[in-house]
Amino acid sequence: MAETKSTCCYCGVGCGVVIEHEAGRITGVRGDPDHPANFGRLCTKGSTLHLSASPETLAARALHPELRARRTDARTRVSWDDALDTAADKFAAIIAEHGPDAVAIYGAGQLLTEDYYVFNKLMKGLIGSNNLDTNSRLCMSSAVAGYKLSLGADAPPCSYEDIRHTEALFISGSNTAFAHPIAFRRVEDARKANPDMKLVVIDPRRTDTAEAADLHLPLIPGTDIALYNAMLHVMLWEGWVNRDYIDAHTEGFDALKKIVREYTPAMAASICGLDKNAIEQAAQIFATSKATMSMYCQGLNQFSFGTHNNSALINLHLATGQIGRPGAGPFSLTGQPNAMGGREVGGLANLLSAHRDMANPAHRAEVAALWGVDSVPATPGKSAVELFKALKSGEVKAVWIACTNPAQSMPDQALIHDALKTAEFVIVQEAFGHTETCTYADLLLPATTWGEKDGTVTNSERAITRVRAAVSAPGEARHDWAIVVDFARRLGTRLGKGALAERMFSYASPEEIWNEHRESTRGRDLDITGMSYTMLEQAGPQQWPFPEGASAGKVRLYEDGVYPTPTGRARFVATEHRITAESPSAHYPLHLNTGRLRDQWHGMSRTGLVARLYSHESEPLLHMHQDDMERRRLADGDLVKVKSRRGEVVLKIQQSATVRPGQCFVPMHWGGNTMGGQGVNVLMPSDFDPTSKQPELKHAAVQVEKYTAGKSLVLMRRSEADADGNLQPNPLAVMDRLRQWLPHFPYASLTLAGRNSPVVMLKARGEELAPELIEALDREIALDDPTRVLSYQDSRKDVAKRALVEGDSLTAVRLAGETKAADWLADMMVQGHSAAAVRQWLLAPLTQPPAGQAARGKVICNCFDVAEDDILAAFRAGESLDGLQARTKCGTNCGSCVPELKRLRQSVSN
Ligand SMILES: Nc1nc2c(c(=O)[nH]1)N[C@H]1C(S)=C(S)[C@@H](COP(=O)(O)OP(=O)(O)OC[C@H]3O[C@@H](n4cnc5c(=O)[nH]c(N)nc54)[C@H](O)[C@@H]3O)O[C@H]1N2
Ligand SMILES: Nc1nc2c(c(=O)[nH]1)N[C@H]1C(S)=C(S)[C@@H](COP(=O)(O)OP(=O)(O)OC[C@H]3O[C@@H](n4cnc5c(=O)[nH]c(N)nc54)[C@H](O)[C@@H]3O)O[C@H]1N2
Ligand code: SF4
Ligand SMILES: [Mo]
């Protein structure tokens, strides 16, 4: 067995991993004990990375270039030469006829810095347009704009180490326990070491993060600015602001002071739906603790006033001098593993390389000189939402989408699907071939991914880490940077800039690209000229800035109180409360909030391949408060139609104490590949912040009503490992086949269950279930041979069951009509109960699970497979948390479920 050190490809914590591999196959993964982001720890997602690269996942990979000859044709396999020649021909023709702004690139914060760098250089340097945007627009652009507006540069001033030094931690709009779990492990450690440390959580939901807090402020969505302004009001009134700091290091305080005069705690309490005392208490903790730090994420960024959400919070740090010291400062948590790297190379439609300013002619000249071109364009390109609107209107004709899945993740999905249908030419560069966006690819380019790639990423705390390949590329997949370089040379020839393109894209390795990027940072705030690949390999990750001659990177910024603004002073921003793009109305009475699940990553192209990652929340669910459910006569597990002004989805409802009455929550992960319709993002508005252009993905006004139309259908197929350890049938191939049928149903949910012998599960509801439809679906899961299957049918009672028994195992089941026993049956299959145990049930008119038997419920501890029902039963029987952990080991490995275990323990003692 060999080992290769690399970085986790999920969140911006940026944990180091050791990839174990043998004979060209990834066999295991563990945390890198030497990596400063995680010191050996990994969360549920990181610790299952090897399962997302197991042999059967090849069925989900894009392995060969595929091209559609005409818009109406199916794609066929082509050579790389044909693929890239066609792409270059198309781009060149469109540029010749309509100009460089008629093409665009839409990338991602999951590309490596080297990939990003060449994409950016291709668009802004060779093609001569700024139409390069990325999914960071949906993610970090308000944080970027907020930092620049308030502090002068896009640089998070803190480090993870500050968590240990802080006396008061404000977590706002971040469910750190789920979304940055290893950072949250540090918060837990810090509180253990310092029991006086205060944790204040600002989130409309009572998340596991909020549950852990000393003070939780469950504000009405979109009201953060009112809250922070009121906190400043209290600080002024009580004399808690730091006058010396304000005078010495900031500007603009008086204008803000005038505004916050209006924001009395009473006024904010009514805007935010909070208790006035809680606002005063929060202000006191923030201002009077020795070191206050805030960590924040999408709950601030994803609003049409996201930039001011960020600045309003930073205002508090400036007013109290809680910045530039150990344990103090505004720490924006980065979402994706390399959104930071993207920001460094200038990978957005309004940014230039190395934090240069597009509007500044001197900066543009510097970049042009670095790249050896005459000039780079001055007008910002189209940001994400604008880009898809322009594709729809025909203003932009061709788009190259890489490493992101906009047909799932963008708001207003109807617009996105229309845009992709209308576009003249769509290139999708993807590692996995089954995403919603791949459906629209005229040209599909297979890319390598985690475990196969080589380069660097930067995490939330400005630390640059190496990403390394453990195995070679599968099929004909190629590295993202290499595809770009190959394309750029071909395009150059067609644009009559062949020699220039050869010069600009002469790289033979990612290191050569990185060295050029490094040079671009010389003298800038993020100067990394003191680093090298060799250093990163030998000494491990390094934080920027790290200029040539320095002996180490900077742990903390602005310690001297000097800011990268023209005056050297940080700026107070005059922030005012604004209303969300949509307000609840009589017709759409509920606030809809969206966010992350603990064990899934975005559109699930990778986590969705790993059965156990569904066990924490097994299907698309709308979380709603009991009062709102009662008012609508809804019971747990009912189907509901959720409707906004743009679209609707049908999914199951789950009663939840985490949301307040009047609000509901849906995880952002479910797209048209895992549910009926176009996924949850059909509901969300595409209104965006005027400065950051980040859309309001955290809020829509919706109505919710019970959905009863049609008849239910459930299909389940179990897989088992054969003698060689290969799953038969390959569950991912089964899923792929079933996926084709999702559009037939208003309600559908396609998921995996179990662990080592996974079960593919399709739940659906259709207007009518035509016998031909059921027959066709039966065929997909081997239920079509009447001599091999057990059947029971009673059409009067609306019961139809069919099952396949292989050996002693129940391996496939289809229920039509009454499907109440589906979860129990799935459990029986997952746990490998013998077919005999359910034979009698199958062959009788029974529709409910047998008395006393029910589905096992959600799995809390993924490492040791411990379910909620068992945990609650143990607590009710008087077992302590320590006792439970000693007996079942739950929560003792990755620790991701510890906050939830504590919450369950608490719920039983209450
Ligand atoms: N498990 C998992 N982890 C991930 C990811 C993933 O897909 N899965 N994705 C990564 C990425 S790219 C990102 S950007 C991060 C996102 O990380 P987070 O931003 O922490 O995650 P979210 O769940 O999107 O949203 C955070 C919280 O914002 C709250 N919120 C909603 N409205 C408001 C509001 O008006 N004010 C305040 N104060 N809070 C509000 C929501 O209730 C939610 O709990 O996660 C990263 N980590
Ligand atoms: N409602 C709602 N919507 C949201 C959000 C929300 O909170 N609420 N959050 C938003 C945020 S913060 C984000 S970051 C976005 C994320 O949205 P997306 O960017 O669409 O998310 P992913 O599913 O991670 O897409 C990455 C794609 O790249 C592919 N891939 C993986 N590795 C590689 C590689 O090495 N090369 C290439 N070429 N492809 C690769 C993956 O298979 C996957 O399909 O979603 C946004 N959408
Ligand atoms: S916290 Fe989890 S998902 Fe994020 S980098 Fe670490 S292991 Fe990966
Ligand atoms: Mo993100």
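This is a predicted model: local features need pLDDT of at least 70, side-chain atom pairs count only at pLDDT 80 or more; totals for chains, interfaces and linings use all residues.
**Ligand 1**

Residues are numbered from 1 along each chain as written, chains are lettered from A and ligands numbered from 1 in written order, and side-chain values use heavy atoms, with hydrogens and water left out.

Next I looked up N593, which has a polar side-chain atom 2.9 Å from an oxygen atom of ligand 1. L597 uses its backbone instead: an N or O atom there lies 2.8 Å from a nitrogen atom of the ligand. Taken alone, ligand 1 exposes 910 Å², and the protein buries 100% of that (Shrake-Rupley areas, 1.4 Å probe).

I then listed the shell of 35 residues, in which D203, G222, D224, R596 and Q600 come nearest (near means a heavy atom within 4 Å). By class I got 12 nonpolar, 16 polar and seven charged residues, with Gly filed under polar. Helix 5, helix 13 and strand 23 each supply at least two shell residues (DSSP runs: helices are H or I with at least four residues, strands E with at least two).

**Strand 25**

I checked what strand 25 (residues 639-643) pairs with. Strand 26 (residues 648-655) runs antiparallel to it over five bridges (DSSP must find at least two for a pair). The two form a hairpin with four residues between them, and L639 stands opposite K652. Strand 28 (residues 700-706) is also antiparallel to strand 25, through four bridges; K641 has E705 as its bridge partner there.

**Aromatic pairs**

I see 15 aromatic pairs in the structure (ring centres within 6.5 Å; planes under 30 degrees apart are stacked, over 60 edge-to-face, the rest tilted). F91 and F487 have ring centres 5.5 Å apart and planes at 85°, so I logged them as edge-to-face. F91 sits in helix 1 and F487 in helix 20, so this pair ties together parts 396 residues apart in sequence. F91 and F487 are buried (under 20% relative accessible area, 1.4 Å probe, protein chains only).

Y160 and F331 came next: centres 6.0 Å apart, planes at 45°, so tilted. Both are buried. Last entry: F91, F119, W400 and F487 form one aromatic cluster.

Technical notes
A polar contact is a pair of N or O atoms within 3.5 Å; within protein, one must be able to donate a hydrogen and the other to accept it, and residues adjacent in sequence count only if both atoms are side-chain atoms. Buried means under 20% relative accessible area, exposed over 50%, partly exposed in between (1.4 Å probe, protein chains only).
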